[in-house]
Number of protein chains: 2
Amino acid sequence: MDNDSFRHYGHMFVDWVADYFERIGELPVKPPCDPGDVRTRLPENPPVHGEPMDRIFKDFQEIIFPGITHWQHPSWFAYFPANNSPPSILAELLTAGIGVQCMVWQTSPSAAELEEVVLDWLRQMLGLPEGMTGVIQDAASMATLVALLSAREKATNFTANQKGIQSPLTVYASEETHSSIEKGVKIAGYGKENLRYIPTDEKFAMIPEKLEEAIIGDKKNGFHPACAVGTVGTTSSTAVDPLDKIGTICRSHNVWFHVDAAFSGTAAILPEKRWMLDGVEHVDSFVFNPHKWMLTNFDCSAYFVKDEGALIRTFEIHREYLKTRVDTEVKNYRDWGIQLGRRFRALKLWFVIRSYGVEGLQKIVREHIRWAEMFRDWVEQDALFELMAPVPVSLVCFRLNDGRAEGQLNELNKRFLERLNQTGKMLLTQTSLRGKYVLRMSIGARLTEEKHVREAWDLIRSVAEKLVR
Amino acid sequence: MDNDSFRHYGHMFVDWVADYFERIGELPVKPPCDPGDVRTRLPENPPVHGEPMDRIFKDFQEIIFPGITHWQHPSWFAYFPANNSPPSILAELLTAGIGVQCMVWQTSPSAAELEEVVLDWLRQMLGLPEGMTGVIQDAASMATLVALLSAREKATNFTANQKGIQSPLTVYASEETHSSIEKGVKIAGYGKENLRYIPTDEKFAMIPEKLEEAIIGDKKNGFHPACAVGTVGTTSSTAVDPLDKIGTICRSHNVWFHVDAAFSGTAAILPEKRWMLDGVEHVDSFVFNPHKWMLTNFDCSAYFVKDEGALIRTFEIHREYLKTRVDTEVKNYRDWGIQLGRRFRALKLWFVIRSYGVEGLQKIVREHIRWAEMFRDWVEQDALFELMAPVPVSLVCFRLNDGRAEGQLNELNKRFLERLNQTGKMLLTQTSLRGKYVLRMSIGARLTEEKHVREAWDLIRSVAEKLVR
């Protein structure tokens, strides 16, 4: 493809994306698509000869696009959001165009230095302690794994890298913690048996006294407590673990304290929500995802550490082919995580923060929270529904409850969710809280307006009434 | 930013990228930039109010761009290439615009099914065995870690995930293997002490007899050999380990056989280079990076496994909030690797393969190899230079050797490389082969033409002559 064709299709695709945002509200959020529908329309073998972009784009529109689940839809209330934004998309275009690989400072100085600056902006925006240093990881799963590995090394005086784990190390997280903690514990070689799930209170937040009991018990039994993970905004219900108490316990027992604030961390840019991070000064590592609720395209996970030396010592490897003249003067991010190769992801973050400004981002997040509180009030005031968890940020957990026996409610709500999502007019997902099947109304897509939340509630009410009658 | 502004800047940025490709050849490959140059020009605090895109783009051009190392430069001969291409950039634009997150089938059916189809296209293009299944990982470091974890689980009958490693497992790779093997061995909890570096022959390829000796010795000493890594195209010199012999040994000792073909794997699309993969039928897992030499934007690493069940069993985690109605009928790629969240990376691969066709890609790769062979001949025919390794694909390892004592050559070549790169007219990097400091001429950027290789050689000769006189 020559440069002129690139211009031509580039303009066309930019317009297609702009048009997409104008019509997205009318599309079904989740496509009416069955397994195999797309695959069977694609050839089994690669083309021998090059094909014109017109034909490729036509197939994109006719085969691929109808099978897309629209994460940017204004009625996207599923999982957590992964919102993008015009400035972020524009930055992704430049990133793709210049195509640099940011493994070390030398392989793109401005990418490395912009990452350093923008991550410090984020640190300030969230009110993380001075002296914490940030680095972009691709996803919170990865950042949490990086934290678990750093904790492993610190607990073994950096010998596990050399010898493996010689005597059992334990990890602690609430029973509501994300699946990535278990995944990381397995990958890092702790063994799932050494992961302790700490009970939660009525708000689904970790009970710190139970954490301390577990640590003391493990120590007595010859285990070495290595890491505790606090969650700010659990996946099921955005419960907030009490960082201050957990942090104090970790300090007194010399346990690495990692905080997973993947979704809810963004809310800490609001002064009225900063309480969620009270106690963060005790933290050894902290992750939140601008790619969830801060208008920055996936993937972009912001990971902060107190002791960058411990991080680097965990991951650094010296090879002649990677050495540069300035290695002692610069940050070479290849040593700050697992991947060697790295995309230039700081650019989109810089575009987003500058384009919206801190106030602009606060305004958006504040509105999402306001709508969630409005929705929570509707649920509470309606006899047909039951609120299933507090609403600290923008997720409302609720279920249909028409008074029938508890044993029948899970099945009822499963059917309810299916009916709702079959309309194509919105998408919700589910979770389980103390064994109860719960619907999650998660607000945070960029294009969502108050009217979409109101329409969602109207639809929820009408589907519910039909179902229980 | 409203939709009209997005159109406006989108068009502008597309044109900027197109212009960039037209003028890139005149830019210094590596910017004349010192540590801190970029950082000190950026504000320490995030902006409170949103800023216009004009100003952001101006700063991009004036502050960021001058500190970019130009990986897409026609005279990029450093590291390995990470080439992009117009169809790939266009696909990245669409990917960023629709902003889907591909953790499970439901979160974008066509992304999941396109990934399945396109990875099978790649399997066919490389001549990997039927029945191997592919999945996109972000980088080869990650794919190799995934392989090491799968091997760990298989060797322990899937108990390491539960209990950690209970008795020492060993891993084998050649002394020329990539740093990511050591990194993965550490992360997965094997311990670096249990990584055996196998000696290499005069071509820097693993000596299979030495591998078998090591395995047998370890077994005698109570170790459990778990995984051997073969490299097709080492980072230092693109040496090719003999897969057939290694594979036979792995089979007979029940050792997981992983192949890292990160860069050179792309060459296997050429019938005349397919010999590099002879024996690949013995392989349990295989990785190569379309984001290096196949015109697909970083990141996009293609990982293939023989037993997808073992892969899934290593990584799957069931949580209510991730369940979908179709889980038993579809591929949910969240269970095929470490990250939960996943970008829609199959799209760019599909655009690239269709746009160039297999023949088009072959033609490009074949030219790169031809120029490398040409360059190798020049080196061999010039008394001032010494060829330091065979040239199986498109990397030429050489050094300046004017006949002075061996002990002085490393220092001389260090200075030589610095002088060359200071010209800004090309970028080479170095490696070490048996303690000898070696320059790497790596050919594979999309915009490189024969004339750039000729110009590089002329420059190399003239800088060398000035240096030794």
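Me: Which residues does V118(A) touch, not counting residues up to four places away in sequence?
Reply: The model is predicted. V118(A), together with V118(B), has the most contacts inside the largest nonpolar core, which has 328 residues. Leaving out residues up to four places away in sequence, V118(A) touches A346(A), L349(A), W350(A) and I353(A).

Me: By what turn can chain A be laid on chain B?
Reply: The superposition gives an RMSD of 0.0 Å, with a shift of 0.0 Å along the axis. The relation is therefore that of a two-fold axis. The same surface serves both copies, as 100% of the contact residues of chain A recur in chain B. The turn is 180°.

Me: Which helix of chain A gives the most to the side that touches chain B?
Reply: The contact takes 121 residues from chain A and 121 residues from chain B. On the side of chain A that touches chain B, the top contributor is a helix with 14 residues there, spanning residues 3–23. That helix is α1 of chain A.

Me: How many nonpolar residues has the side of chain A that touches chain B?
Reply: Of the 121 residues that chain A brings to the contact, 39 are polar and 22 are charged. The nonpolar class on this side of chain A has 60 residues.

Me: Which residue of β11(A) stands opposite W76(A)?
Reply: β1(A) runs parallel to β11 (residues 427–433) of chain A, and 2 bridges join the two strands. Across this pairing, W76(A) stands opposite L427(A).

Me: How many residues of strand β12 of chain B are buried?
Reply: β12(B) pairs in the antiparallel sense with β10(B) over 4 bridges, and L395(B) stands opposite S442(B). β12(B) also pairs in the antiparallel sense with β11(B), over 5 bridges. The strand is mostly covered, and of its 7 residues the number buried is 6.

Me: Which residue in the turn between β11(B) and β12(B) has a positive phi?
Reply: The two strands form a hairpin with 2 residues between them. On the strands themselves, L433(B) stands opposite K436(B). In the turn, the positive phi of about 50° belongs to R434(B).

Me: Which residues of α7(B) are buried?
Reply: Helix α7 of chain B covers residues 179–187 and is mostly covered, with 7 of its 9 residues buried. The helix is followed by G189(B), whose phi is positive, near 85°. The buried residues of α7(B) are S180(B), I181(B), K183(B), G184(B), V185(B), K186(B) and I187(B).

Me: Does H258(B) count as buried or exposed?
Reply: H258(B) lies in strand β6 (residues 256–260) of chain B. Among the residues H258(B) touches are T144(B), C227(B) and D284(B). A residue needs 20 or more other C-beta atoms within 10 Å to reach the cut-off. H258(B) has 29 C-beta neighbours inside 10 Å, so H258(B) counts as buried.

Me: Is G309(A) buried or exposed?
Reply: G309(A) has its place in helix α11 (residues 308–315) of chain A. Its C-alpha is 9.6 Å from that of W336(A), 27 residues apart in sequence. G309(A) has 9, so G309(A) is exposed.

Me: Which residue of chain A does T107(B) touch?
Reply: T107(B) is in the loop between α3 (86–98) and α4 (109–126) of chain B, and counts as buried because it has 28 C-beta neighbours inside 10 Å. In chain B, T107(B) touches V100(B), Q101(B) and C102(B), not counting residues up to four places away in sequence. From chain A, the residue touched is T69(A).

How values were computed: Residues are numbered from 1 along each chain as its sequence is written. Chains are lettered from A and ligands numbered from 1 in the order in which they are written. This is a predicted model: local features need pLDDT of at least 70, side-chain atom pairs count only at pLDDT 80 or more; totals for chains, interfaces and linings use all residues. Copies are superposed by least squares on the C-alpha atoms of residues with pLDDT of at least 70 in both. Two residues are in contact if their C-beta atoms, placed from the backbone, lie within 7 Å. A residue is buried if 20 or more other C-beta atoms lie within 10 Å of its own, exposed if 12 or fewer, and partly exposed in between; C-beta atoms are placed from the backbone. Ala, Val, Leu, Ile, Met, Phe, Trp, Tyr, Cys and Pro count as nonpolar, Asp, Glu, Lys and Arg as charged, and the others, Gly among them, as polar. Two strands pair if DSSP finds at least two bridges between them. A nonpolar core is a set of buried Ala, Val, Leu, Ile, Met, Phe, Trp, Tyr and Cys residues joined through C-beta atoms within 7 Å.
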